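Look at the sequence and the model below.

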Amino acid sequence: MKCVIPGTHMKVFGRAVHSLSKIGEELYIEALEHGLALRTVNSSRSAYACFLFTPTFFQHYDDGCGDASSQDRDDTLRCKIAMKSILPVFRSLATIEKTVERCKIRLNMKDSRLVFQLYCRHDDQRSKSKQTNHGEQ
(Lines give C-alpha, C1' and ligand atoms only; values in the text may rest on other atoms or scores of the structure.)
Protein backbone atom coordinates (compact mmCIF):
# COMPACT_ATOMS: atom_id res chain seq x y z
CA MET A 1 0.00 0.00 0.00
CA LYS A 2 1.28 3.43 -0.94
CA CYS A 3 -0.41 6.76 -0.58
CA VAL A 4 0.56 10.42 -0.57
CA ILE A 5 -1.28 12.98 1.56
CA PRO A 6 -0.95 16.59 0.38
CA GLY A 7 0.18 19.09 3.00
CA THR A 8 -3.22 20.80 3.04
CA HIS A 9 -4.83 17.55 4.26
CA MET A 10 -2.22 16.66 6.89
CA LYS A 11 -4.05 18.43 9.69
CA VAL A 12 -7.28 16.52 8.96
CA PHE A 13 -5.44 13.18 8.90
CA GLY A 14 -3.57 14.06 12.11
CA ARG A 15 -6.79 15.05 13.87
CA ALA A 16 -8.33 11.72 12.90
CA VAL A 17 -5.39 9.86 14.45
CA HIS A 18 -5.57 12.01 17.60
CA SER A 19 -9.33 11.41 17.87
CA LEU A 20 -8.87 7.66 17.59
CA SER A 21 -6.17 7.76 20.26
CA LYS A 22 -8.76 9.03 22.75
CA ILE A 23 -10.72 5.80 22.29
CA GLY A 24 -8.21 2.98 21.86
CA GLU A 25 -4.58 2.10 22.41
CA GLU A 26 -4.10 0.44 19.01
CA LEU A 27 -4.69 1.71 15.49
CA TYR A 28 -5.87 -0.69 12.79
CA ILE A 29 -4.97 0.44 9.27
CA GLU A 30 -6.65 -1.21 6.31
CA ALA A 31 -6.03 -0.43 2.65
CA LEU A 32 -9.29 -0.90 0.80
CA GLU A 33 -10.25 -0.41 -2.83
CA HIS A 34 -12.51 2.48 -1.84
CA GLY A 35 -10.06 4.16 0.58
CA LEU A 36 -7.83 3.93 3.61
CA ALA A 37 -9.60 2.92 6.83
CA LEU A 38 -8.26 3.88 10.26
CA ARG A 39 -10.00 2.05 13.10
CA THR A 40 -9.73 1.55 16.82
CA VAL A 41 -11.62 -0.14 19.64
CA ASN A 42 -11.29 0.49 23.37
CA SER A 43 -9.88 -2.07 25.78
CA SER A 44 -13.28 -3.29 26.99
CA ARG A 45 -14.54 -3.53 23.38
CA SER A 46 -17.50 -1.26 24.17
CA ALA A 47 -16.52 1.63 21.87
CA TYR A 48 -15.41 1.58 18.24
CA ALA A 49 -14.50 4.34 15.79
CA CYS A 50 -13.51 4.39 12.13
CA PHE A 51 -12.35 7.03 9.66
CA LEU A 52 -12.43 6.18 5.97
CA PHE A 53 -10.34 8.39 3.70
CA THR A 54 -11.43 8.02 0.08
CA PRO A 55 -8.83 7.94 -2.73
CA THR A 56 -9.74 11.54 -3.67
CA PHE A 57 -8.37 12.68 -0.28
CA PHE A 58 -4.89 11.60 -1.38
CA GLN A 59 -2.57 12.95 -4.05
CA HIS A 60 -1.83 9.33 -4.92
CA TYR A 61 -3.50 6.19 -3.58
CA ASP A 62 -2.60 2.57 -4.31
CA ASP A 63 -4.22 -0.07 -2.11
CA GLY A 64 -1.57 -2.60 -3.10
CA CYS A 65 -4.03 -5.17 -4.45
CA GLY A 66 -3.64 -4.24 -8.11
CA ASP A 67 -6.50 -5.42 -10.31
CA ALA A 68 -7.56 -8.27 -8.05
CA SER A 69 -11.11 -9.48 -8.43
CA SER A 70 -13.62 -9.13 -5.60
CA GLN A 71 -13.05 -12.79 -4.63
CA ASP A 72 -9.36 -12.09 -4.04
CA ARG A 73 -10.16 -9.05 -1.88
CA ASP A 74 -10.03 -11.20 1.26
CA ASP A 75 -6.28 -10.57 1.21
CA THR A 76 -6.59 -6.82 1.84
CA LEU A 77 -3.59 -5.15 3.40
CA ARG A 78 -4.16 -4.48 7.07
CA CYS A 79 -1.99 -3.92 10.10
CA LYS A 80 -2.16 -3.00 13.75
CA ILE A 81 0.11 -0.43 15.36
CA ALA A 82 0.31 0.99 18.87
CA MET A 83 -1.05 4.53 19.20
CA LYS A 84 1.98 5.51 21.27
CA SER A 85 4.23 4.87 18.30
CA ILE A 86 2.17 6.75 15.70
CA LEU A 87 1.19 9.86 17.69
CA PRO A 88 4.67 11.48 17.55
CA VAL A 89 4.39 11.62 13.74
CA PHE A 90 1.40 13.96 14.14
CA ARG A 91 2.59 15.68 17.31
CA SER A 92 2.33 19.34 16.29
CA LEU A 93 -0.97 19.74 14.44
CA ALA A 94 -0.80 23.53 14.63
CA THR A 95 2.32 23.70 12.48
CA ILE A 96 2.15 20.46 10.50
CA GLU A 97 -0.01 21.98 7.77
CA LYS A 98 2.44 24.87 7.31
CA THR A 99 5.66 22.88 7.39
CA VAL A 100 4.80 19.63 5.59
CA GLU A 101 4.33 19.68 1.81
CA ARG A 102 3.30 16.03 1.58
CA CYS A 103 3.39 12.79 3.54
CA LYS A 104 4.07 9.46 1.89
CA ILE A 105 2.74 6.39 3.69
CA ARG A 106 3.95 2.91 2.75
CA LEU A 107 2.87 -0.39 4.24
CA ASN A 108 5.40 -3.12 3.58
CA MET A 109 3.83 -6.42 4.60
CA LYS A 110 6.96 -8.43 3.76
CA ASP A 111 9.02 -6.54 6.35
CA SER A 112 6.05 -5.74 8.63
CA ARG A 113 6.88 -2.02 8.42
CA LEU A 114 4.72 1.06 8.20
CA VAL A 115 6.74 4.03 6.93
CA PHE A 116 5.73 7.68 7.13
CA GLN A 117 7.89 10.04 5.07
CA LEU A 118 7.24 13.71 5.74
CA TYR A 119 8.49 16.00 2.98
CA CYS A 120 8.87 19.41 4.58
CA ARG A 121 9.50 22.78 3.04
CA HIS A 122 13.15 23.79 2.47
CA ASP A 123 14.05 20.25 1.26
CA ASP A 124 13.83 18.71 4.72
CA GLN A 125 12.73 15.07 4.80
CA ARG A 126 11.81 13.08 7.91
CA SER A 127 11.09 9.36 7.97
CA LYS A 128 9.37 7.42 10.70
CA SER A 129 9.38 3.66 10.34
CA LYS A 130 7.18 1.62 12.67
CA GLN A 131 6.96 -2.11 13.29
CA THR A 132 3.46 -3.49 12.67
CA ASN A 133 1.47 -6.51 13.75
CA HIS A 134 -0.45 -7.63 10.69
CA GLY A 135 -3.26 -10.11 10.55
CA GLU A 136 -4.50 -9.47 14.09
CA GLN A 137 -8.02 -8.14 14.45
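Cys 120 has a relative accessibility of 6%, so this residue counts as buried. The model is a predicted one, and a search of the whole structure finds zero disulfides in it. A disulfide is a covalent bond between the sulfur atoms of two cysteines. A disulfide would need the two sulfur atoms to be within 2.5 Å. Cys 79 is buried as well, because its relative accessibility is 3%, and buried means under 20%.

Next comes the nonpolar core. The largest nonpolar core has 35 residues, and the members that touch the most other members are Phe 13, Leu 36, Phe 90 and Ile 105. Helix H1 supplies the largest share of this core, with five residues. What does Ile 105 touch, leaving aside residues up to four places away in sequence? Its contacts include Met 1, Lys 2, Cys 3 and Ile 5, and also Phe 13. Leu 114, Val 115 and Phe 116 are on the list of contacts of Ile 105 too.

Phe 13 and Phe 90 lead on to the aromatic rings. In the whole structure, the search finds seven aromatic pairs. In one of them, the ring centres of Phe 13 and Phe 90 are 5.6 Å apart and the planes stand at 55 degrees, so the pair is tilted. Phe 13 is in helix H1 (residues 10-21), while Phe 90 is in the loop between helix H2 (83-86) and helix H3 (93-99); the pair therefore ties together parts that are 77 residues apart in sequence.

The rings of Phe 51 and Phe 53 form a stacked pair, because their planes are at 20 degrees, with centres 6.4 Å apart. Phe 51 is partly exposed, at 32% relative accessible area, whereas Phe 53 is buried, at 7%. One aromatic cluster takes in Phe 13, Phe 51, Phe 53, Phe 57, Phe 58, Tyr 61, Phe 90 and Phe 116. Tyr 119 has a charged residue over its face: Arg 102, at 4.0 Å from the ring centre.

The charged side chains remain. How many salt bridges does a search of the whole structure find? The search finds three. One joins Lys 80 to Glu 26, with the closest N and O atoms 3.5 Å apart. This pair links distant parts of the chain, since Lys 80 is in strand E6 (residues 77-82) and Glu 26 is in strand E2 (residues 26-32), 54 residues apart. Lys 80 counts as buried at 8% relative accessibility, but Glu 26 counts as partly exposed at 32%.

Glu 30 takes part in two of the bridges, one with Arg 39 at 2.4 Å from N to O and one with Arg 78 at 3.0 Å from N to O. The bridge between Arg 78 in strand E6 and Glu 30 in strand E2 again links distant parts of the chain, 48 residues apart. Through shared partners, Glu 30, Arg 39 and Arg 78 are joined into one network. Within this network, Glu 30 is buried, at 11% relative accessible area, while Arg 39 is partly exposed at 22% and Arg 78 is partly exposed at 25%.

Technical notes: Residues are numbered from 1 along each chain as its sequence is written. This is a predicted model: local features need pLDDT of at least 70, side-chain atom pairs count only at pLDDT 80 or more; totals for chains, interfaces and linings use all residues. Side-chain values use heavy atoms; hydrogens and water are left out. Rings of Phe, Tyr and Trp (its six-membered ring) pair if their centres lie within 6.5 Å; planes under 30 degrees apart count as stacked, over 60 as edge-to-face and the rest as tilted. Helices (H or I, at least four residues) and strands (E, at least two) are DSSP runs, numbered from the N terminus. Buried means under 20% relative accessible area, exposed over 50%, partly exposed in between (1.4 Å probe, protein chains only). A charge sits over a ring if NZ of Lys or CZ of Arg is within 6 Å of the ring centre and within 35 degrees of the ring normal. A nonpolar core is a set of buried Ala, Val, Leu, Ile, Met, Phe, Trp, Tyr and Cys residues joined through side-chain atoms within 4.5 Å. Contact means heavy atoms within 4.5 Å. A salt bridge is a side-chain nitrogen of Lys or Arg within 4 Å of a carboxyl oxygen of Asp or Glu.
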